[in-house]
Amino acid sequence: MKIRNIINKIKPRFWDEAIHQDQPGLFNYRRIWKLTVFCVSFVAITPLMVLSFMDYNLSRKTLQAEASFPIMRLVSNTTLNVGTFLEEKTALLRFIVQNNNYHDLIRPGHLEKLLSDINSSFGGFADLGVIDSRGIQISYTGPFDFQGKDYSMQEWFNEVVEKNLYVSEVFRGYRDEPHFVIAFKEYLPGENWFILRATIDTEEFNRLLQSLNVRPSTDVFLVNKNGILQTPSAFHGDVLERVKIDLPGPDVKSSDLEPADSNNFKNLLGCVSRESSILEINDSKDSKKFLGCALINNSPFIFMVIKSQRELMENWWKMRMELIGFMLISVTSILLVILSAATYLVSRIHDADIKRASALHKIEHTNKMASIGRLAAGVAHEINNPLAIINEKAGLLKDLFGYSEKYSKDEKLNSIADSIIHSVERCSAITRRLLGFAKHVDVEWKKVRIDNVVRDVLGFLDKEAQYRELEVNLEIDGENPELISDQGQLEQVFLNIINNAFAAVDDKGRIDVKISTYPEHVQVRIADNGCGIAPENLKKIFEPFFTTKGEQGTGLGLSITYGLVKKLGGDLSVESEPGKGSVFTVCLSRKFNPKGTVSLDCHK
Amino acid sequence: MKILLVDDEIELVSAMSERLGLRGIEADFATNAIQALQMAGEKKYDLAVLDVKMPGISGLDLWKLLKEQYPEMKFIFLTGHTSQDDFKAGTKTGHNYLLKPISFDALLERINQSISGSPEREG
């Protein structure tokens, strides 16, 4: 109910107005309003939305690129570092081989010394071994006794024979410690060759990755091409476990992949290239993350960095909120401005149109009254001449009877002549009244007796009152209700109001007219016991084009009457109770004031 | 007392003159201004009753001519029209003014007033 009250309060006047199809110059203002609001809103808001959308996308792309750039840099730097690390180890092995001949290497104790030397200088080497072309480890130094072990049937052996260099994946081996192996093939004079094999602790890798100093929420680790973790990760599984990453794409999880599908893993991730690549993944906690990865040169290792999007995109989200907020505020204020401007303008147009239409109708009405006046004057004049003849002839007849001895006593003849003369008098009273009304079309300020004006008007309506058996009472309170005014316009005023009273009452109804004279003003109260006026119509009753008579009324009678009373320096008010009747009170100032600036208090 | 009645309606003026005659007042009538002027030249009239609106020379014009020639003459005007012009003309002439159809008693009263020299309003 409250909302409805508010809506009713802010609703413009034209909103509930009927469509004035019969009134030229009046339009469907609600439609104009709707059209204006729609067109202006469309033109104003569409470009804003399009620009905002473009800006949104552009900003998103830019910020995303900016966010992914550090990851790319981290990936390529680390890849380079790990690659360099491996190359360094390889170069060290190559240096050992080139600086020590085969016989020195297999000499007992020499390898041991070498291992302790390089560990003291570089560190990270767990053992060293020399394997001959048959695959037999002929010299070994390290924590186990692998002397004489045959590697010829192992896969890595074949690979190093083929490629001269082999870097193994991380494995636990006998020591149950994650480590990996670098093997290097060196040719001896002649066709013969041997292999230097070194085991390296993954601690080195771990240190290398730890030295990156990434944020705690960021995870960096190495995996092999099958998705097995080579270094421990913070959130995605321990070393030598399968990495727990939900891959983007249709419902494929890395953990679902069978070893046979391992190719899929690297292909899906796109990490088989040495170029660093970046993609979005879903975390197990359903938050989005960036995954950057690249293949490390000459190794089975893939470096991966997983960074939460939240950190990177925080700025973007903040900006997005600002952008959306700004747009919402803009759209709201644009709509508010458009709505209020359209309402204001359409209301003004509506009011101006109503004023113009009512002015046009008033002019039309005045013209009509003037035409009727001229017509009535013409008719009255034309009738007056024959009436005068009838009058004189009847008078002559009466005279002749009166002067003749034969007829002077004839009552019947005398009464016939009298009745002719009396009828002529009645006719002449009618024509005089007609002429009186016609005469007052032009405004003329002079002394007017209100009781005479009201009597004239009632005289006009006398016949109707008789036919309908209406009881019309005229009461005059106080003496000499005289004031300076325009008689014609007063006649129009009272004719309109009394006519309305006649229309309101049923047959045998009652109309009371009371004229009260006060020192300052004259009050005419016209009360009827007719149908009355509904309260919601009461306040609109003096508005132009308001009518309850439907097709029969123009809705102008009372508005013109009201205008006339105001022009004559008076006031018109109405009280009504539905079913009981209405009271119209005309109050006229007794002070001559053609400009109508006298303020009246009718309740004095 | 001699009265000249001038109106274009012969039926009206003839009946009026006869009724006045019955009351011992000598009343002649004319139906236009020319005839009226001729008659006024032939006989001395004390009073003229003129219709304001007549074809040709109007009652007001005739009044001006008669007043010039016979300053002693009194006038009563009749009119079937009550428009502003007639009203102003009527008051300007400063003479009695009756609306058609006239009441014969009122006419007699005005005639008596005029002849007995009751004060006339000066326009």
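This is a predicted model: local features need pLDDT of at least 70, side-chain atom pairs count only at pLDDT 80 or more; totals for chains, interfaces and linings use all residues.
Good morning. I begin with helix α1 of chain B, residues 10-22.

Which residues of α1(B) are buried? They are Leu12(B), Val13(B), Ala15(B), Met16(B), Ser17(B), Arg19(B) and Leu20(B). These buried residues pack against β1 (2-6), β2 (26-30) and α5 (104-115) of chain B, and also against α8 (309-403) of chain A. Just after the helix, Gly24(B) adopts a positive phi of about 80°.

The mention of α8(A) brings us to the contact between the chains. Chain A contributes 18 residues to this contact, and chain B contributes 16 residues. On the side of chain A that touches chain B, the elements giving two or more residues are α8 and α9 (411-439) of chain A. The most comes from α8(A), with 14 residues. Sorted by class, this side of chain A has eight nonpolar, six polar and four charged residues.

Let us stay with α8(A) for one residue, Ala341(A), which is located in that helix. Is Ala341(A) buried or partly exposed? It has 13 C-beta neighbours inside 10 Å and therefore counts as partly exposed.

Now to chain A as a whole. Its secondary structure consists of 14 helices and 16 strands. Of its 604 residues, 29% are buried. Among contacts in chain A with a separation of 6 or more, 61% are between residues 24 or more positions apart.

I turn to an open sheet of five strands in chain A, in the order β2-β1-β5-β4-β3, with antiparallel pairing. Its edge strands are β2 (137-141) and β3 of chain A, each of which pairs on one side only. On average, neighbouring strands of this sheet are turned by 15° against each other, direction ignored. Helix α2 (residues 29-99) of chain A packs on the sheet and touches β3, β4 and β5 of chain A, its direction making about 40° with that of β4(A).

Why is strand β4 (residues 179-187) of chain A described as largely enclosed by the rest of the structure? The reason is that seven of its nine residues are buried. On one side, three bridges join β4(A) to the antiparallel strand β3 (residues 165-167) of chain A. In this pairing, Tyr166(A) stands opposite Ala183(A), and Leu165(A) stands opposite Phe184(A). Nine bridges join β4(A) to strand β5 (residues 193-201) of chain A, again antiparallel. Here Glu186(A) has Phe194(A) as its bridge partner. The strands β4(A) and β5(A) form a hairpin with five residues between them, and Gly190(A) in the turn has a positive phi of about 90°.

A second open sheet of five strands in chain A has the order β11-β13-β14-β16-β15, with mixed pairing. At its edges stand β11 (471-477) and β15 (570-577) of chain A; each has a single partner strand, so one side of each is left without a neighbour in the sheet. Neighbouring strands in this sheet are turned by 10° against each other on average, direction ignored. Seven bridges join β11(A) to β13 (residues 510-517) of chain A, and these two strands run parallel. Within this pair, Asn473(A) stands opposite Asp512(A). Helix α12 (residues 487-504) of chain A lies across β13, β14 (521-528) and β16 (581-589) of chain A, at about 20° to β14(A).

Finally, the nonpolar cores. In soluble globular proteins, nonpolar side chains tend to be buried together. In this model the largest nonpolar core has 52 residues, and those with the most contacts inside it are Ile182(A), Val223(A), Ile302(A), Phe303(A) and Met304(A). Leaving aside residues up to four places away in sequence, Val223(A) touches Ile228(A), Leu229(A), Gln230(A), Val243(A), Ile302(A) and Met304(A). Apart from this core lies another, of 40 residues, among them Ala33(B), Ala40(B), Tyr45(B) and Ile76(B).

Thank you for your attention.

Definitions and conventions
Residues are numbered from 1 along each chain as its sequence is written. Chains are lettered from A and ligands numbered from 1 in the order in which they are written. A residue is buried if 20 or more other C-beta atoms lie within 10 Å of its own, exposed if 12 or fewer, and partly exposed in between; C-beta atoms are placed from the backbone. Helices (H or I, at least four residues) and strands (E, at least two) are DSSP runs, numbered from the N terminus. Two residues are in contact if their C-beta atoms, placed from the backbone, lie within 7 Å. A nonpolar core is a set of buried Ala, Val, Leu, Ile, Met, Phe, Trp, Tyr and Cys residues joined through C-beta atoms within 7 Å. Ala, Val, Leu, Ile, Met, Phe, Trp, Tyr, Cys and Pro count as nonpolar, Asp, Glu, Lys and Arg as charged, and the others, Gly among them, as polar. Two strands pair if DSSP finds at least two bridges between them. Axes are lines fitted to C-alpha atoms, for helices over the stretch in contact, and angles run from 0 to 180 degrees between N-to-C directions.
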